[in-house]
Amino acid sequence: MGNRTCSARPSERVEHNITYIRRQWQNFRAWWHSRYPLFRNYFIALGLVGSFLLVFFWPYLNERVFMSLQSGEAGVLWQRFSGGTNLKYTYGEGFHLVMPWDRLFVYNVRLQQTPHKIVALCKNGLPVELEVSIRHRPQDGRLPLLHTVVGPNYLEVVVKPEIEAHVRAVVSQFEPNELYTSEGYILNLILQGALRGIGERYISLDDLLIKRVVLPTKVADSIESKLIEEQRALEFEFRVQQA
């Protein structure tokens, strides 16, 4: 009899635990059904408020938090609580999640062509206008340094002023008529000086092209007349030799 009592006790405990769990579950269901309308209204209100906040703050979130970098773009992260600009990592193309208190600066790292007009003085003091085309891009792997030293406006701060300075320095060594006959030599002189100054600011200068040289009207007419007279003289000399 003693053995039967001992063997029955574990099963009674199991049944008691199962009964207790069922009772608790029934109590929870009854409590949930009694308060279901209240929770339903609460979650509806919470969803409406969340949707309103998402729509209201979406322009900010899309600009500062959910960042998508397109083809040919790279980003530099400025961290408010981690020492400022992250100099060790450059963010590439694709989607990036940025903390609201940080900021991701986006750069165009493709080869870019920028037209620019420069007015310089020739050797004789006459002004001449040059239309140039500058091909440039940020140096590979140096974008965080460029952002720290110069910033996003590097074209206006570094590239254009450097090109203008070297163009004026070189043009001042030539007469107006020599600008047409020595264009290649002039470009080499400008590039040699500009490459170093721009490269020290973490920018690559790919090429510089002179699209147009505009001289004062009187000077241009004088040069044109001179060239016409030279051609006539050569033509007359050729006819004499033929005769």
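How many of the 7 residues of β2 are buried? In the predicted model described here, 5 of them are, so β2 is largely enclosed by the rest of the structure. Buried denotes a relative accessible area under 20%, exposed over 50% and partly exposed in between, with a 1.4 Å probe and protein chains only.

Because the model is predicted, local features need pLDDT of at least 70 and side-chain atom pairs count only at pLDDT 80 or more, whereas totals for chains, interfaces and linings use all residues. Residues are numbered from 1 along each chain as its sequence is written, and side-chain values use heavy atoms, with hydrogens and water left out.

The secondary structure of the chain amounts to 6 helices and 8 strands, where helices (H or I, at least four residues) and strands (E, at least two) are DSSP runs numbered from the N terminus. Along the sequence the pattern is α-β-β-β-β-β-β-β-α-α-α-α-β-α. Of the 243 residues in the chain, 28% are buried. Contacts, defined by heavy atoms within 4.5 Å, were also sorted by sequence separation: among those between residues at least 6 apart, 68% join residues at least 24 apart.

Strand β2 (residues 73-79) belongs to an open sheet of 3 strands in the order β3-β2-β5, with antiparallel pairing. Two strands are taken to pair if DSSP finds at least two bridges between them. Strands of a sheet pair through backbone hydrogen bonds, either parallel or antiparallel. The edges of the sheet are β3 (84-85) and β5 (103-108); each has a single partner strand, so one side of each is left without a neighbour in the sheet. The antiparallel pairing of β2 with β3 extends over 2 bridges, and Q79 lies opposite G84 in β3. These two strands form a hairpin with 4 residues between them, and G83 in the turn has a positive phi of about 95°. On pairing with β5, β2 is again antiparallel, over 6 bridges, with L77 opposite L104 in β5.

Helix α3 (residues 154-171) packs against helix α5 (residues 183-199) at an angle of about 140°, the axes being 9 Å apart. Axes are lines fitted to C-alpha atoms, for helices over the stretch in contact, and angles run from 0 to 180 degrees between N-to-C directions. The angle makes α3 oblique to α5, since angles under 35 degrees count as roughly parallel, over 145 as roughly antiparallel, 65 to 115 as roughly perpendicular and the rest as oblique. On the α3 side the contact is made by V158, V159, E162, I163, H166, V167 and V170, and on the α5 side by I186, L189, I190, G193, A194, G197 and I198. By class, this contact has 10 nonpolar, 3 polar and 1 charged residues; Ala, Val, Leu, Ile, Met, Phe, Trp, Tyr, Cys and Pro count as nonpolar, Asp, Glu, Lys and Arg as charged, and the others, Gly among them, as polar.

Helix α3 also contains K160, which is buried with a relative accessible area of 14%. Not counting residues up to four places away in sequence, K160 touches T114, H116 and L155. E131, in strand β7 (residues 127-138), is buried at 18% relative accessible area. With that exclusion of residues up to four places away, E131 touches H116, K117, L209, I210, K211 and R212.
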